[in-house]
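Q: I have the sequence and the model open. Please show me how to read the features, one at a time.

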Amino acid sequence: MKRIKAVFFALIMAAISFSGVVIFSACNRVEFSNSKYTIIADFDCENGIINAELNLDFINCTDIAMPGLKLHLFPRAYREGARFPAISASEIATAFPNGISYGDMTILSVYREGKEVSIIKTGEDEDILFIEGEIAPGARVVFDIKFRVDLPRVRHRLGIFDGVVNLGNWFPIASVFQNGEFSTFPYFSIGDPFFSRVADFDVTISTRESLVVATSGSQQTRVENGRRITIARIDNARDFAASIAEFNVVSETRGGVEVNFYFKQHTNANEILTVAFEALDTFGKLFGNYAYDSLSIVKTPFLHGGMEYPAIIFISDALSLDFFIEVVVHEIAHQWWYAAVGNCQITEPWIDEGLAEYSTSLFFEFNPRHGVTMEQRISAAWRNYVLFIDLYKDGGRGDTSMNRHLYQFSTSIEYAILVYTKGGLMFDTLRAWIGDNAFFDGLKNFYSEFMFGIATGDDLIKAFENASGRNLASFFDSWLNGRITAVR
């Protein structure tokens, strides 16, 4: 492994007193010690390979013994012959403009408490690493994993294109253990098939000196023997992402938050910083304070409009300026709905995507200088939704439910209309029905209660019911499971 010191802290971590760990079985608030990921990675830019070592100081924060640990190996979805490929057949030409390219993740070794154990790959697509051995409630176990990621040449979350490396969902990450079971859903090409608990991250990435690394969290850099060493840290994060290129960077700090915009080419880059601070300020006032002390915005080759990760967002370089701004705002909204307040994005994607889409409309409502009104956005959303169900859903007689798993959506268009568009319409209708005070109190209370935790749809409904004093079960059922087809 090139230029990686095999220095981990298993002995130190094992010596930390367990008595200092306070466990709450629901795992819904960070009132216990987080698990911690320490990653040392080297980017071989000539061959497009990440060589890395992961030290995972894992804590079972549930009140149920775990039969071992299961970790997602998401890069395996990019390999040739994957049963659940990362790119859908309809998007191959856009994702691979230079021809199909494959990637993969290889697990080189696994140690548990300093002892080497067998590498067991399981899951529907051999995309789950299973490490045997019971983990008692509240117990801490240290795992050391060496792995390699071969990067595909693709415009997506993980890959290389046009001199830019995207590192999204690139390392083994622990599956959520709930109700005695692991969440081991495979990689679906529609939506965001990711679900994880918060943890703390210390990540060191070594690259060629000329390259700039954008990361989740705050960072420090140094140059050593012709290599740029970037050390990043973020706590209470569900994931850690990065992007590497010969970026230009503009930065500004306001209110204790540093915003960095990374790009190769962009007109009026400072406007993106202004928009970012407007979004952070607007959402902070409406929902609660931003959870982190930094935010990285990366303009990158990307198949879709954008992608959110804790304290870093990827925005497609193919967007027009107006849509670029809109996507920036949407992905920043995900810092509240996904990064801070977590939910299962596979089984209930309407929670974070519906809230992020309506939050985007709220941004334009409270920032009129952009010349976009709430009325314009909601009217356009209704037109798009009604047109979709008339053309594709047989006048609403087909399945227009939004409360379903990712794999139950047949196309990306169906997913976008029924989760984003219909989700935004649902929250706008709810706001009109229960009034602004109850609506925003419900969102503030939901954010406060589930910050750094995991929420369900029932939790969100309860937050609005408590704020409004009304029974909202029928309202949500009609939207989530019924066939809403007309303007209110």
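Predicted model: local features only at pLDDT ≥ 70, side-chain atom pairs only at ≥ 80, totals over all residues.

Q: In which sense do strand β21 and strand β23 pair, and over how many bridges?
A: Residues are numbered from 1 along each chain as its sequence is written, and side-chain values use heavy atoms, leaving out hydrogens and water. Strands (E, at least two residues) and helices (H or I, at least four) are DSSP runs, numbered from the N terminus. Two strands pair if DSSP finds at least two bridges between them. Here β21 (residues 294-300) and β23 (residues 312-316) are parallel, with five bridges. Within β23, Ile315 stands opposite Lys299.

Q: Which sheet holds these strands, and in what order?
A: The sheet is open, has five strands and runs β19-β20-β21-β23-β22, with mixed pairing. β19 (248-254) and β22 (306-309) are the edges; each has a single partner strand, so one side of each lacks a neighbour in the sheet. From one strand to the next, the twist averages 15°. Angles run from 0 to 180 degrees between N-to-C directions, with axes fitted to C-alpha atoms, for helices over the stretch in contact.

Q: Which helix packs on the sheet?
A: Helix α3 (residues 269-287) does, touching β19, β20 (257-263) and β21. Contact means heavy atoms within 4.5 Å. The direction of α3 makes about 140° with that of β20.

Q: Over which ring does Lys299 lie?
A: A charge sits over a ring if NZ of Lys or CZ of Arg is within 6 Å of the ring centre and within 35 degrees of the ring normal. Lys299 lies over the face of Phe324, 5.7 Å from the ring centre. Lys70 lies over Phe130 at 5.5 Å.

Q: How many aromatic pairs are there in the whole structure?
A: A ring pair is described by the distance of the centres and the angle of the planes. Rings of Phe, Tyr and Trp (its six-membered ring) pair if their centres lie within 6.5 Å; planes under 30 degrees apart are stacked, over 60 edge-to-face, the rest tilted. The search finds 42. One of them, Phe74 with Phe194, is edge-to-face at 4.9 Å and 85°. Phe74 lies in the loop between β3 (66-72) and α2 (92-95), and Phe194 in the loop between β13 (181-182) and β14 (199-208), so the pair ties together parts 120 residues apart in sequence.

Q: Is Phe74 buried or exposed?
A: Buried means under 20% relative accessible area, exposed over 50%, partly exposed in between (1.4 Å probe, protein chains only). Phe74 is buried at 6%. Phe194 is buried at 7%.
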